[in-house]
Amino acid sequence: MLGKKIRQLRRERGMSLKDVAEKTGLTSSFLSQVERDLADPSITSLRKIAEALDIPIFYFLLNHEDHSPVVRKDQRKVLRFPQSHLTYELLSPDLNRNMEVMMARLEPGAASCDEPLAHPGEECIVVLQGVMEIDIGGEVFRVETGDSIYYYASIPHKLWSVGEEELVFISAITPPQF
């Protein structure tokens, strides 16, 4: 299903696999495998593909027929990547707003991404459980249960789950970028 959505968006934009490969730094053969659901992209790769297609990453998971302002806890859109220790749940009903809100879970000792990432806008994170360390532009902050952090997302950032328990946090991002 993911591959089909990527192919459809790429074709709607009149882009070839080579065009997307050049914009993402990924190979055309890998992108072809993703489009045919023969390979699963990492979170970093899917972000690059979404950026190349000029859409938020959660677009791939949305049911565009459901327009309710209420998001039931058992009906959240969930994004899990193979070989990743991070899970995202979309708490806002869709990405057609000025802000996106999501809950994320990260296993102890795991990081959000390989390299610090940046995107336009601002982000606020509230830690619900566990302890997070976040590197924002080379400065590392420790954020514990009940604490929050607000930062400009255009500064490269990366976070880790430190301690013994799973890290659970709420993130609000404006404008929607994920």
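Which side chains meet in a salt bridge at 2.6 Å, N to O? The side chains of Glu35 and Arg10 form this pair, a salt bridge being a side-chain nitrogen of Lys or Arg within 4 Å of a carboxyl oxygen of Asp or Glu. Distant parts of the chain are linked by the pair, with Glu35 in helix 3 (residues 28–35) and Arg10 in helix 1 (residues 2–12), 25 residues apart. Helices (H or I, at least four residues) and strands (E, at least two) are DSSP runs, numbered from the N terminus. By the salt-bridge rule the count comes to 7. Side chains of opposite charge can pair when their charged atoms come close.

This is a predicted model, in which local features need pLDDT of at least 70 and side-chain atom pairs count only at pLDDT 80 or more, while totals for chains, interfaces and linings use all residues. Residues are numbered from 1 along each chain as its sequence is written, and side-chain values use heavy atoms, with hydrogens and water left out.

**Domains and their contact**

The chain is divided into domain 1 (2–55) and domain 2 (66–174), with bounds from an automatic or database domain assignment. The table lists values for the pair of domains.

| Item | Value |
|---|---|
| Distance between the C-alpha centres of domain 1 and domain 2 | 23 Å |
| Area buried between domain 1 and domain 2 | about 650 Å² |
| Salt bridges between domain 1 and domain 2 | 0 salt bridges |

Carbon and sulfur atoms give 68% of the area between the domains. In domain 1, Ile43, Thr44 and Arg47 lose the most area to domain 2, together 66% of what that side buries.

**Annotated span and backbone features**

In the UniProt record, an unreviewed entry, the annotation "domain: HTH cro/C1-type" covers residues 6–60; such annotations may be inferred rather than shown by experiment. This span, residues 6–60, is 60% helix and 0% strand, and its end C-alpha atoms lie 8 Å apart.

Asp37 is located in the loop between helix 3 and helix 4 (43–52). Although Asp37 is not a glycine, its phi is positive, about 60°. The peptide bond from Thr174 to Pro175 is cis, with omega near -10°, and Pro175 lies in the segment after strand 9 (167–174).

Note on methods
Buried area is the accessible area (1.4 Å probe) that two parts lose on being put together, summed over both.
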